[in-house]
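Please open the structure in your viewer and keep the selection tool at hand. The tour goes from one selection to the next and says what is there.

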Amino acid sequence: MATAGRRVTITMKALYCQQNSPGEEITFVFQERENLPPTRDNDVKVQVRACALSWIDTKLLSEIKLEKELLPVGREISGVVLEVGRKVTFFQPDDEVVGILPLDSEESGLCEVILVHEHYLVHKPEKVCWAEAAGTVRDGLRAYTALHYLSQASPGKTVLVMDGASPFGTIAIQLAQHRGAKVISTAYSLEDKQYLERLRPPVEGMRQLLVARVIDVSNGKIDVSESCLEETGGLGVDIVLDAGVKQFKAEDESTLKSQLLPHKHDIITLLGVGGHWITTEKNLQLDPPDSHSLFLKGATVSFLNDEIWNLSNIQQGKYLSILEDIMEKLSRNIFRPQLDEPIPLYEAKVTMEIVQKNQARKRQVIQF
């Protein structure tokens, strides 16, 4: 802390990502920042206690003209309110909050103190720890988008969650089961299979499995569509939540995960009548025969992009009620996230490099 006359300058470090030219590998750098700008009318000044790390989609940022030389890193945050703007109505100092910083945020969540518009925050329940709040909020939002808005997971329906042992897959399974749906999941390794088979509902003494069937695809010999049709008596599944698909026969299979992905024809085959295919494959291409098969089943294909909530203010009320519901389910142990041990701030740069290379199997959270 340096003093110049009467003005006190507070220096804090924040993490940013740097990409000098398109296609070039991005690097992560700590930058010193001096003093936050004045708190505006609707701003909340938050002392960050935890920040979860997520993969940065530089292509999306470029497409919506949000590319910058230095991009702030860390958007899912939890912390304590230090100060509020004069028009803030939902929060007051000492409140515990959680939220996701918007795509166009100038703030890095990996900084001790940040300014956030009040419409991006909700209250954190007292019994939920900082790391769990920050580490669950985005996966919870994606699961709600997929299973509540793009489809309706409900009693009597069968949901297939691909790669169910991933942080997102785990929360999606827990939400689908809580809604009364029967859940099938794929596992990419023996360790993932054992994890999924151990999942139980939060009710004490209840021995029911969260996942009705775990399909181990790690050896590449199991046919996912055949297993799903067998499990559903030939009817097919009502909702498929993929984790990427193969589109062409001669596709790049450089990583183990890409080798284990199902082909798009397998997904269409295992879909039931009136089924919903929710895909994370942003460049999905459907040929006329694929479209015809979907037409005959009266099935739909939806693209899962959880950023849509903050791209239009018209969805703000729904968005905040989803975040509140996620925190409520977290406080009741309905959601039990796949988190790694909390990481100190000085390891954030190295950890973010691992996350950006998609090499982390559990959600990584920085704790202050």
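**First stop: a charged pair**

Select aspartate 163, which counts as buried because its relative accessibility is 2%; buried means under 20% relative accessible area, exposed over 50%, and partly exposed in between (1.4 Å probe, protein chains only). The model is predicted, so local features need pLDDT of at least 70 and side-chain atom pairs count only at pLDDT 80 or more, while totals for chains, interfaces and linings use all residues. Residues are numbered from 1 along each chain as its sequence is written, and side-chain values use heavy atoms, with hydrogens and water left out.

Aspartate 163 and arginine 361 form a salt bridge, with their closest N and O atoms 2.9 Å apart; the term stands for a side-chain nitrogen of Lys or Arg within 4 Å of a carboxyl oxygen of Asp or Glu. Aspartate 163 sits in the loop between β11 (158-161) and α3 (167-178), and arginine 361 in the loop between α10 (348-356) and β17 (365-367), so the pair ties together parts that are 198 residues apart in sequence. Helices (H or I, at least four residues) and strands (E, at least two) are DSSP runs, numbered from the N terminus. Arginine 361 has a relative accessible area of 37% and is therefore partly exposed.

How many salt bridges does the count come to? The count is 25. For another of them, select aspartate 57 and lysine 282, whose side chains meet at 2.7 Å, N to O. Aspartate 57 is in the loop between β5 (43-52) and α1 (58-63) and lysine 282 in the loop between β15 (271-279) and α8 (288-297), so this pair ties together parts that are 225 residues apart in sequence. Aspartate 57 is buried, at 17% relative accessibility.

Next, select glutamate 76 and arginine 138, which meet in a salt bridge of 3.4 Å, N to O. Glutamate 76 belongs to strand β7 (residues 76-84) and arginine 138 to helix α2 (residues 130-149), so the pair ties together parts that are 62 residues apart in sequence. Glutamate 76 is buried at 2% relative accessibility, and arginine 138 is buried with a relative accessible area of 9%.

**A surface patch**

Last, select Ile64, Ile308 and Leu311, which make a nonpolar surface patch of about 250 Å². Patches of this kind join nonpolar side chains (Val, Leu, Ile, Met, Phe, Trp, Tyr) within 5 Å, from residues with over 30% relative accessible area and no salt bridge. Areas come from the Shrake-Rupley method with a 1.4 Å probe; for residues, only the protein chains shown count as cover. Isoleucine 308 lies in the loop between β16 (300-303) and α9 (316-331), and counts as partly exposed because its relative accessibility is 42%.

Terms used:
Patches are made of residues with over 30% relative accessible area and no salt bridge: like charges are joined within 9 Å, nonpolar side chains (Val, Leu, Ile, Met, Phe, Trp, Tyr) within 5 Å.
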